[in-house]
Amino acid sequence: MSMDDRDGFIWFDGKMVPWREATVHVLTHTLHYGMGCFEGVRAYHTDRGPAIFALEAHTLRLLDSCKVLGMPITYSKQQLMDAQISAVRDNQLDSAYIRPMVFYGSEGMGLRADNLSVRCIVAAWEWGSYLGQDGLEKGIRIKTSSYTRHHPNIAMTKAKANGQYINSMLALGEALRDGYDEALLLDPEGYVAEGSGENIFIVRDGVIYTPETTTALNGITRKTIFQLAQDHGLEIIAKRITRDEIYIADEAFFTGTAAEVTPIAELDNRPVGSGSRGPITELLQTDYFDLVHGRNDKYLDLLTFIN
């Protein structure tokens, strides 16, 4: 089913409109220059009905992205949160991927356009595991990309900006053409940054390591993994990581709203550990799914129940 030809509703500039009518002009500024920002949010099935995971954190990150990019959004945090709740409820979704986006309108063209409106949409739809159910269970094959992750003084790496994902698409496309499932990007100094849309963790001798986030997005799922690891007394160290440290790691996994917690079985034709999902990865993956499905009372405050 095409993304533009669906039943349902999209929140568009403060009101719900029929899905097929949520359109913009071909001269929309963001379409030409890529200046905009977005979020990826998930709602999960629970025994109490659908619930959005980390709604406030995602909404605050969206507002932070607007601030970094200098986009003067007029909607408040609460209005944006309410819009995401409505997008799930009005589309009668039991689980959903939610996409808020802020973009410039079509009032002008050129880099100096100073009369642009700031517009906002929130869409929600059913979307399964980003890297496949097999990937969640058996792990995925990844390749070190020939494309480098952004330098923080070239692109604002703490903004989840539309145009920056050209870098991700080039890296992922290269990996897919070469028969892999995902890409691993290095930072401008040659250290591990992240996947095309995921943060990365490795495990060595019972200790979990993850790159510092200088050139990577501050992942909300990443932060959750820190909390879940702490519950088990597992140590996580944020430090610079080299590619060959992943080669000799006992385990590795990606995290992200779309990817959730996905094991990495292989990097650059080298098996990581046993070449399958490791025990610490499985433990944290199980904990994560228990959390988002409302099965862990300790973290119910991270869920926003729709009904």
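**A walk through the side-chain contacts**

R20 and D5 form a salt bridge, with 2.7 Å between the closest N and O atoms. This is a predicted model, so keep that in mind as we go. R20 sits in the loop between strand 2 (15-18) and helix 1 (29-33), while D5 belongs to the segment before strand 1, so the bridge ties together parts that are 15 residues apart in sequence. How exposed are the two partners? R20 has a relative accessibility of 42%, so R20 counts as partly exposed, and D5, at 43%, counts as partly exposed too.

How many salt bridges does the structure hold? There are 14. Side chains of opposite charge can pair when their charged atoms come close. Take E260 and R42, whose closest N and O atoms are 3.7 Å apart in a salt bridge. E260 lies in strand 15 (residues 260-267) and R42 in strand 4, so to speak two distant parts of the chain, 218 residues apart. Both ends are tucked away: E260 is buried, with a relative accessible area of 5%, and R42 is buried at 5% as well.

R149 and E194 make another such bridge, at 2.8 Å from N to O. Again the pair links distant parts of the chain, 45 residues apart: R149 is in the loop between strand 8 (140-148) and helix 5 (165-177), and E194 is in strand 10 (residues 192-195). Is this pair buried or exposed? R149 has a relative accessible area of 7%, which means it is buried, and E194, at 6%, counts as buried too.

Two arginines turn up over aromatic rings. R141 lies over the face of Y180, 4.5 Å from the ring centre, and R270 lies over the face of Y247, with 4.1 Å to the ring centre.

On to the rings themselves. A pair of aromatic rings is described by the distance of the centres and the angle of the planes. The count here comes to 11 aromatic pairs. In one of them, W11 and Y75 have ring centres 5.1 Å apart and planes at 70°, and because an angle over 60 degrees counts as edge-to-face, that is what this pair is. W11 lies in strand 1 (residues 9-12) and Y75 in the loop between helix 2 (55-69) and helix 3 (77-90), so the contact ties together parts that are 64 residues apart in sequence. Both W11 and Y75 are buried.

The rings of F12 and F103 have their centres 6.4 Å apart and their planes at 55°, so this pair is tilted. F12 is in strand 1 and F103 in strand 6 (residues 96-104), which puts the partners 91 residues apart and links distant parts of the chain. F12 counts as buried at 8% relative accessibility, and F103 is buried with a relative accessible area of 4%. Elsewhere, ring pairs link Y97, W125, W127 and Y130 into a cluster.

For a closer look, pick I98: leaving aside residues up to four places away in sequence, I98 touches E39, G40, V41, R42, A43, I52, Q84, V88, V122, A123 and A124. R42 in that list is the arginine that pairs with E260.

Last, the cysteines. How many disulfides are there? The count comes to zero. C37 is in no disulfide, and the nearest cysteine sulfur, that of C66, is 3.6 Å away.

Notes: Residues numbered from 1 in each chain as written. Predicted model: local features only at pLDDT ≥ 70, side-chain atom pairs only at ≥ 80, totals over all residues. Heavy atoms only, no water. Disulfide = S-S within 2.5 Å. Phe/Tyr/Trp six-rings, centres within 6.5 Å; stacked < 30°, edge-to-face > 60°. Helix = DSSP H or I, 4+ residues; strand = E, 2+ residues; numbered from the N terminus. Buried < 20%, exposed > 50% of the residue type's maximum accessible area, 1.4 Å probe, protein only. Lys NZ or Arg CZ within 6 Å of the ring centre and 35° of its normal. Contact = heavy atoms within 4.5 Å. Salt bridge = Lys/Arg side-chain N within 4 Å of Asp/Glu carboxyl O.
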